[in-house]
Amino acid sequence: MYELEKVLEFLRENLDEFRYGHSIRVMETAVELAHIHGVDDKKAEMAGILHDSGKWKSREKTLQKVQDWGIILSEEERAEYNLVHGALSTYIAKNIFGIEEEDVLNAIKNHITGRPAMSDLEKIVYIADMIEPARNYEFIDDFRAMAKVDLDRTMYEILNENLAHLIRNDRYIAGTSLEARNYYLKITKQGEIK
Ligand SMILES: [Fe+2]
Ligand SMILES: [Fe+2]
């Protein structure tokens, strides 16, 4: 069963120090955004603290867990290692901590790529991951302010930022991220698009 203390113990044991701190900061940021936007704060806590729980210190250990637990990876997850921890973290939330709420599991699963038509909880976790206090990049203060007032607009801006970063660094872009970006373009810029 889910208990925050038990999750913290699990994370302390398996994640490196930075990732452990990051998980706590994302949880706190997600809970703060949940309060502002009227989302269940317990769900924000669960999804926030567990979102990176499948990020073991080494790639070998991570891939070993995929095998041990018989997790079937999608074609994209097989092609891009960074996507693998979404499936693993979701597995951990469900099978180790007994979380059944679909919305919480979706927020964990989709925190890397985003997707079209996300729930408010999913948006909050995606955004919290990108604006937690230790993150630092151009425009982050704008995103922090925007996240308090408009989740859709913030999704659009942060998806753009992430895609630009991936392109600049010759990194793989998941199809879902592009779909998400176009979806939030359409709903935030309605009427402005030529
Ligand atoms: Fe992640
Ligand atoms: Fe993260």
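Biologist: How are the donor residues of the iron ion (ligand 2) spaced in sequence?

Modeller: In this predicted model, the donor residues of the iron ion (ligand 2) follow the pattern H-x28-H-D-x76-D. Histidine 22 belongs to helix H2 (residues 17–37), whereas histidine 51 lies in the loop between H3 and H4, so the pair ties together parts that are 29 residues apart in sequence.

Biologist: Which atoms are the protein donors of the iron ion (ligand 2), and are histidine 22 and histidine 51 buried or exposed?

Modeller: The protein donors are His22 (NE2), His51 (NE2), Asp52 (OD) and Asp129 (OD), at 2.2 to 2.3 Å from the ion. Both histidine 22 and histidine 51 are buried.

Biologist: Which residues coordinate the iron ion (ligand 1), and which residue coordinates both ions?

Modeller: Asp52 (OD), His85 (NE2) and His111 (NE2) coordinate the iron ion (ligand 1) at 2.1 Å, with the spacing D-x32-H-x25-H along the chain. Aspartate 52 coordinates both iron ions, ligand 1 and ligand 2, which are 3.6 Å apart. Aspartate 52 sits in the loop between helix H3 (41–50) and helix H4 (59–68), and histidine 111 in the loop between helix H7 (102–109) and H8, so the pair ties together parts that are 59 residues apart in sequence. Aspartate 52 and histidine 111 are buried.

Biologist: Which residues have the most contacts inside the largest nonpolar core?

Modeller: That core has 55 residues, and those with the most contacts inside it are Ile49, Leu50, Ile99, Ile127 and Ile131. Helix H8 (residues 120–131) gives the most to this core, with eight residues. Beyond its neighbours within four places in sequence, isoleucine 49 is in contact with residues including Tyr2, Leu4, Leu11, Ile24 and Met27.

Biologist: How many helices and strands are in the protein chain, and what does its radius of gyration agree with?

Modeller: The protein chain has eleven helices and zero strands. A compact globule of 194 residues would have a radius of gyration near 16 Å, and the protein chain has 16 Å, so the two agree. Buried residues make up 49% of the 194 residues. Of the contacts with a separation of 6 or more, 62% are between residues 24 or more positions apart.

Notes. Residues are numbered from 1 along each chain as its sequence is written. Chains are lettered from A and ligands numbered from 1 in the order in which they are written. This is a predicted model: local features need pLDDT of at least 70, side-chain atom pairs count only at pLDDT 80 or more; totals for chains, interfaces and linings use all residues. Side-chain values use heavy atoms; hydrogens and water are left out. A nonpolar core is a set of buried Ala, Val, Leu, Ile, Met, Phe, Trp, Tyr and Cys residues joined through side-chain atoms within 4.5 Å. Buried means under 20% relative accessible area, exposed over 50%, partly exposed in between (1.4 Å probe, protein chains only). Helices (H or I, at least four residues) and strands (E, at least two) are DSSP runs, numbered from the N terminus. Contact means heavy atoms within 4.5 Å. Donors are N, O and S atoms within 2.8 Å of the metal (3.2 Å for Na, K and Ca); water is not among the atoms, so sites may look incomplete. The radius of gyration is taken over C-alpha atoms; the globule rule is 2.2 Å times the number of residues to the power 0.38.
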